Each structure stands twice: as C-alpha cells, then as structure tokens.
Amino acid sequence: MTTDGLTLAVSGLTLGLTRDRRARPLVEDLSFGVARGEMLAFVGESGSGKSLTAAAIFGLLPAGVQRIAGSIRVNGSELTTLSERRLRAWRGRDMGLIFQNPLTALSPSVGVQAQIAETYRVHKGGTRDAARARARALLAEVGLKALATGGDSYPHQLSGGMRQRVMIALAAACDPALIVADEPTTALDVLIQAQILDLLARLQRERGLAVVFITHDLRLAARYADRILVLYAGRAVEEGDAAQFFTAPRHPYSRALRDAIPTIPATGGRLTEIPGQPPEPRALPAGCRFAPRCPNVGDDCRRTEPAMTFDGTRFACLHPCAKMS
Amino acid sequence: MTKALLWRLGNSLLSLALLVTLVFFMIYATPGGPAYSILGVHATPAGVAALNRQMGLDHPVWRQYLTWWDHLAHGNLGYSFTQHAPVADLIGSYLHNTLLLDAVAAAAAIMLAIVLGLAQGARARSLGRIIGAGQIIGYSLPTFFVGTVLILVFAADLAWLPPGGLGDTARSAGLASLWRHLALPAVTLALPLAAGLSRYFGHQVRDEYRQDYVRAARSRGLSALRIAFRHVLRNAVRPLVTVIGMMIPSLVVGGVLTESVFNYPGLGWLLWRSALEQDYPTLTAIVLLIGVLTILGNLAADLVNTLLDVRVRYD
C-alpha cells in the first residue's frame with residue numbers, strides 16, 4: 001500500500017499480550033490508511049480489536065498489551081519509534097481522541113473552557129487569555145454558544161449530548177490532522193447520536209480532517225463514512241467503499257452483519273443473527289477465524305488463513321459472496 | 001448549600017453541649033472527690049467538708065451542673081492548686097506552643113502525604129510497593145521510640161539539633177532557633193500522620209488513575225505532572241480534607257507523647273504533668289479543650305469540603 005499523502009497510514013500492525021507470548025495476537029497484521037478529508041469506519045463486534053487499534057495509534061495501549069510489529073505513520077512521520085516524551089507532543093496537537101462516555105472522559109473538577117484552553121496552551125503556547133478565547137470560539141463552533149460566553153461550566157452541569165460536543169471541541173482544539181472517534185455515540189440516545197455525527201462530519205468536511213470512526217453499528221458507518229473496514233477477531237476481513245460495501249459485501253461476515261440490521265417495516269419473526277460467538281484470542285481456530293460460523297465454509301478454509309484480495313472491495317475470503325447479492 | 005451548612009453547624013453545637021455535659025459527669029464521678037486530692041495526706045473529714053463547702057461541692061448535682069456552664073461561659077476554668085495559678089492562664093501560656101507544633105507537624109504530614117500518595121497512585125507497581133512498606137513502618141513505630149532515636153542521633157551523637165524544650169532562648173534567639181527546637185518533635189509527630197494519610201490518599205489517587213479522564217488527558221498530550229497536579233489531585237484531595245479534620249485527635253494524643261519525650265512546653269506536656277500530679281481542674285480543662293478542637297476541626301473539614309466540591313456548590 002502506498003502511504004504517500006495519507007494522513008494516517010497503518011501497516012502490518014500486530015498487538016499482543018506482554019505476558020503470554022505464545023498466545024495469538026489480539027490484532028494481527030492490520031493495514032489501512034485514511035486520507036485528508038476522509039472518514040474511515042471501523043466496524044466489528046466487541047473484542048474485535050477496534051479500540052485497541054485506536055489506543056495503539058496514540059501510544060496508549062493498556063498495561064499488559066504491547067505492539068509486536070507494524071508501523072503507524074501520521075502525516076508521513078513514523079510514531080512507533082518515538083519516545084514517550086516526543087509522542088506526547090503529537091497527541092492532542094496532530095491527533096485527537098474522542099471517547100465513548102463523555103462524562104467519565106472529561107475531567108470532573110475542571111471547567112470545560114479551561115480544559116480546552118489547557119490543551120491548546122500546552123501545544124500552541126500563547127497567553128491564557130488567547131487560549132481562553134480560542135476555547136470559547138471552539139465551543140461556539142461545535143454548537144455550544146451558551147457555554148462560549150460568560151463563566152465556565154463543569155461537565156456534570158451539561159447534558160450527554162453537550163458533553164460529547166465538548167469532547168469533540170477538545171479533540172479539535174489544536175486543529176489536528178486526524179481525529180479518532182471511539183464509539184462516540186454509544187452512550188447517547190438516537191436523536192443526539194445523529195447530531196453528534198453530523199457535527200463530526202461537518203468538521204471533517206470543513207477542516208479537511210481525517211477521521212477514524214469506530215462503531216459496532218454498520219448502519220451509522222454506511223451513512224457517515226467514506227470507507228468501511230470490518231474487523232473480526234483481530235483481523236481485517238473486508239475493506240471498501242461505504243456505498244458499495246453496503247449493497248454488495250463480499251465477505252460472509254460483512255454480509256451477515258449487514259443482514260443482522262433490523263428493517264422497518266419489520267417482516268415479522270426472529271431478527272437475523274450470526275450463529276455462534278467470536279473466538280477467544282487463546283483459542284483461535286486454524287485457518288480462517290470466521291470458518292466455524294461461516295455459511296460459505298469449505299474444507300480449505302480450515303487449513304489456510306485467507307489473504308487480502310481485491311475484487312470490488314478488499315477482502316480476505318476463499319469463498320466470497322457473489323458481487324451483487 | 002446554606003441548609004447543609006446550617007445542619008453541620010447545629011450538629012457541632014449539639015456535640016459541644018454533649019461534650020461539656022460528659023466532662024462534668026466525668027469529674028463528678030471521680031472517686032474520692034477533688035477535696036481529697038487537694039488536701040492530700042493532710043485530709044481530715046472536717047477539712048474535706050470545709051473545702052467541699054468552699055468549692056460548692058455540697059450543692060445538689062443540678063446546681064453544680066448549672067454553675068459549671070456558668071463558669072465556662074465566663075471563661076472561668078477553675079484554679080490549679082498544684083501550680084497555684086488559674087487554669088485559663090496556665091492553658092493560655094502553653095496553648096500557642098502546641099498549636100505551633102501541631103500546625104508545623106500537620107503541614108509537613110499533609111505535604112509529605114500528597115507527594116507520596118501521588119507517587120504511589122501513579123506508579124502502583126514499582127515505587128508504590130516501596131512507599132507502602134515505608135507507610136507500615138512509619139505508622140507502627142511508637143512515638144516514644146522514634147522520639148528517643150531522633151534525640152540520640154541528631155541531638156546526642158551529631159549535636160545538630162537541641163534535644164528538647166523550647167526555652168526562653170528560642171524566642172529571643174529568633175526564628176532559626178525556633179525551627180531548630182521544633183524540628184525533632186515535629187518530625188516525630190508528623191511521621192505516623194504522614195504514613196496514615198499518604199496510605200489513604202494513595203488509594204484515592206490510584207482509583208482516580210483508573211478513570212477515563214486520565215486516559216483522555218494523556219490522549220491530549222498533557223504531561224504526567226500536569227495530569228497529576230491539575231486533574232487527579234483535585235478529585236483525590238477532597239476525601240483527604242475530611243480525614244485531615246479527623247486527624248486532630250491523633251495530633252493531640254501523639255502530642256502528649258511527643259511533648260513529654262522532648263520536654264516541649266505545650267498542652268500535651270501540661271496534660272501529662274497534671275495527670276501525674278492529679279491536678280483535676282487543669283486536666284479537665286485540657287480534655288474539654290481537646291474535645292472542642294476536635295469538633296471545630298471536623299466542622300472546618302466539612303466546610304472546606306463543601307466549598308471544594310463543585311457539585312455541591314452549584315446544585
């Protein structure tokens with residue numbers, strides 16, 4: 001994959017447990033890129049490695065998990081070789097992270113204007129007043145005009161939607177090139193969900209941000225993202241253009257995910273589900289990881305792990321679904 | 001918020017009234033009565049009866065109780081027969097020394113606890129274990145042992161610091177001498193306090209470090225020091241304020257031992273001496289004073305806590 005001109009380029013990323021080196025990796029050989037002004041959605045079940053990948057980009061892997069191999073480049077600069085101290089300058093300045101639960105992710109005893117101003121001042125310097133003015137402007141930009149004037153407010157005084165807007169303003173405080181949004185709407189109700197994602201999409205468009213949107217909701221991914229990458233048990237199984245992906249997924253897992261979306265009007269009867277459960281990292285099957293649950297499975301699937309191939313989308317499957325389904 | 005504060009204030013006043021009543025019945029129940037201890041070996045039944053009449057001890061309980069309140073309200077704490085001075089004057093000349101020692105020890109303990117607690121909470125695995133071992137040792141060593149060892153090492157062997165007292169020299173020789181006299185007793189008094197406080201605070205800090213907002217702050221490129229002091233400290237310090245209020249009794253109890261070991265002219269030393277000499281009026285007044293300080297300390301902690309907690313303040 002060429003990495004020229006990409007805001008974020010990840011290649012061969014492999015993450016595993018520090019203690020148990022014999023265990024199979026939690027994320028294996030993951031490669032993807034996001035260009036300026038583009039939104040890439042990561043879709044997958046819990047435990048598929050979405051959030052770990054986000055943490056790896058920021059160099060904030062939880063204790064016990066380490067990067068085993070792979071490169072992470074932001075604006076062409078390799079981040080994995082940087083010291084913690086050097087990497088700290090990149091966090092917040094060139095890339096912002098949006099968390100799932102904005103109540104716990106905002107510092108509870110510091111005002112929101114002060115939090116934004118702090119992040120700005122740490123990276124860009126300048127006077128307190130200038131940073132505070134910048135914070136107010138950002139709050140207005142994310143649709144919180146009421147918080148942009150007068151005294152500061154604390155996170156507990158705000159609604160869930162307002163908090164997530166503050167979180168977005170925080171992530172965007174230093175005008176970064178990349179924003180990673182880790183399940184940004186899971187803690188919010190449906191109406192607020194749309195508002196938050198509309199805001200994120202607007203910033204992406206207006207500022208030419210590269211956005212990684214992590215979600216388990218394929219519908220939201222299809223609606224907001226330019227491209228979709230599906231993860232299953234730590235491996236990318238399919239990646240492609242969002243619209244095309246939604247109409248004609250090639251990997252049986254992607255298709256099962258799409259078919260599991262409930263439709264209105266309901267056709268009655270049971271909701272579609274994917275039989276079985278994702279494998280534990282300690283007990284991955286040989287060959288294709290999805291084979292035990294796959295409707296298209298063949299004998300070869302249990303022997304060889306399929307490589308990424310390109311045919312309409314990039315996918316890793318020996319028996320893909322038909323191009324038009 | 002006003003309602004919460006008034007409730008606290010009412011609570012404290014009630015505790016104060018209970019304390020005064022309790023102390024009254026403590027003396028009333030003293031075996032033998034004060035007259036015997038004042039007269040000592042010279043006690044005769046006639047002399048005791050005369051003294052009881054003179055002190056109003058022949059009145060019924062309720063009247064003595066009211067007189068007790070009346071005297072307290074007028075600042076009359078009684079007269080010390082062993083030291084031949086009004087108790088209020090006695091306490092007045094020792095109180096400020098104790099307040100000075102307690103303030104220095106408490107400040108040292110709090111600062112040490114915050115630094116150790118932050119380090120322990122932030123680095124729970126490596127450094128935290130070493131600090132944890134130090135806390136247990138610091139908490140378990142008895143005051144008289146620590147005090148004696150400090151005197152032996154720093155006063156007797158190295159001769160860096162005076163072995164005790166505060167002396168008149170201290171005041172005339174200026175601040176440097178005052179600090180030199182304060183150093184050893186303050187360290188002795190602060191050590192177990194710092195150990196207990198930092199252990200408690202370290203747990204608070206560790207809980208805070210598990211919160212999402214710490215990870216979020218790191219994802220914005222804030223430095224570890226900034227996260228510790230600007231974000232974690234604010235949230236972890238609130239429960240600490242309550243504990244600091246509750247540590248006043250241990251300051252006083254530790255103070256009795258420390259002041260005795262170092263011959264430091266404070267309330268603890270006076271308490272110890274009054275107990276040995278069976279000087280009931282002084283003893284009673286000091287117990288009362290310790291109770292009042294404890295109640296005031298808790299009240300102050302509650303007030304500070306209310307002011308610190310933005311959620312209570314704004315709701």
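## Chain A as a whole

In this predicted model, 53% of the 325 residues of chain A count as buried, meaning under 20% relative accessible area with a 1.4 Å probe, protein chains only. Chain A holds 11 helices and 12 strands; these are DSSP runs, H or I of at least four residues for helices and E of at least two for strands, numbered from the N terminus.

A compact globule of 325 residues would have a radius of gyration near 20 Å, and the 21 Å of chain A agrees with that; the radius is taken over C-alpha atoms, and the rule is 2.2 Å times the number of residues to the power 0.38. Along the principal axes, the C-alpha atoms fill a box of roughly 65 × 50 × 35 Å. Of the contacts (heavy atoms within 4.5 Å) in chain A with a separation of 6 or more, 66% join residues 24 or more positions apart.

## A look at helix 8

Let's turn to one helix. Helix 8 of chain A covers residues 190-207, and its 18 residues reach 26 Å from first C-alpha to last, close to the 26 Å expected at 1.5 Å a residue; the expected span is 1.5 Å times one less than the number of residues. Its buried residues include A:Ile196, A:Leu197, A:Leu200 and A:Leu203, and also A:Gln193 and A:Arg207.

Both ends have something to show. Just after the helix, A:Gly208 takes a positive phi of about 65°.

## A buried arginine in a loop

A:Arg289 sits in the loop between helix 11 (252-259) and strand 11 (309-311) of chain A. This arginine counts as buried because its relative accessibility is 4%. Leaving out residues up to four places away in sequence, A:Arg289 touches several residues, among them A:Arg24, A:Glu28, A:Tyr232 and A:Glu305. Its side chain reaches the backbone oxygen of A:Ala233 at 2.7 Å.

## Where chain B meets chain A

Here 21 residues of chain B are in contact with 30 residues of chain A. About 2,400 Å² is buried between the two chains, with carbon and sulfur atoms giving 53% of it; this is the accessible area (1.4 Å probe) that two parts lose on being put together, summed over both. In chain B, B:Arg215, B:Ser219 and B:Arg220 lose the most area to chain A, together 27% of what that side buries.

## Notes on the model

Residues are numbered from 1 along each chain as its sequence is written, while chains are lettered from A and ligands numbered from 1 in the order in which they are written. Local features need pLDDT of at least 70, side-chain atom pairs count only at pLDDT 80 or more, and totals for chains, interfaces and linings use all residues, while side-chain values use heavy atoms, with hydrogens and water left out.

Methods
Buried means under 20% relative accessible area, exposed over 50%, partly exposed in between (1.4 Å probe, protein chains only). A polar contact is a pair of N or O atoms within 3.5 Å; within protein, one must be able to donate a hydrogen and the other to accept it, and residues adjacent in sequence count only if both atoms are side-chain atoms.
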